[in-house]
Amino acid sequence: MTVQRRKAFDGELREMARYFHALKDILRLRILVTLVSNEEMTVTELARALHVSQPLVSFHLRPLRLLGLVQVRRSGREVYCSVNLPEIQCRQDQFMGMLTRTVTSNCEF
């Protein structure tokens with residue numbers, strides 16, 4: 001593997017690590033599952049549904065939002081959240097593509 005290809009592949013690996021790091025927390029996974037089943041919820045509604053504080057929900061929403069896994073829209077003082085399923089599917093597809101490319105090309109790490 002050339003140095004340039006290896007650097008590009010390392011960049012892909014870093015991005016995948018950021019994605020999986022954002023999903024490592026059970027509360028973040030509970031947020032995603034709750035949002036999917038309710039389509040859109042305010043942060044306050046999410047906190048009530050999950051039986052946790054609103055600041056804790058906001059803290060855990062941030063990495064999901066930064067990666068585009070959760071979309072946010074504001075209406076006055078309320079912040080509405082929804083899951084970006086196409087983005088999650090895209091990330092999963094990228095991960096599977098990375099794995100299959102690695103297996104077929106016999107990359108050395």
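Reply: A charge counts as sitting over a ring if NZ of Lys or CZ of Arg is within 6 Å of the ring centre and within 35 degrees of the ring normal. The model is predicted: local features need pLDDT of at least 70, side-chain atom pairs count only at pLDDT 80 or more, and totals for chains, interfaces and linings use all residues. Residues are numbered from 1 along each chain as its sequence is written, and side-chain values use heavy atoms, leaving out hydrogens and water.

Me: Which residue lies over the face of Tyr80?
Reply: The distance to the ring centre of Tyr80 is 4.3 Å. The residue over that face is Arg73.

Me: How many aromatic pairs are there?
Reply: Rings of Phe, Tyr and Trp (its six-membered ring) pair if their centres lie within 6.5 Å; planes under 30 degrees apart count as stacked, over 60 as edge-to-face and the rest as tilted. By this rule, the number of aromatic pairs is two.

Me: Why is the pair of Tyr19 and Phe20 classed as it is?
Reply: The ring centres of Tyr19 and Phe20 are 4.9 Å apart. Their planes meet at 65 degrees, so the pair is edge-to-face.

Me: Is Tyr19 buried or exposed?
Reply: Buried means under 20% relative accessible area, exposed over 50%, and partly exposed in between (1.4 Å probe, protein chains only). With a relative accessible area of 1%, Tyr19 is buried.
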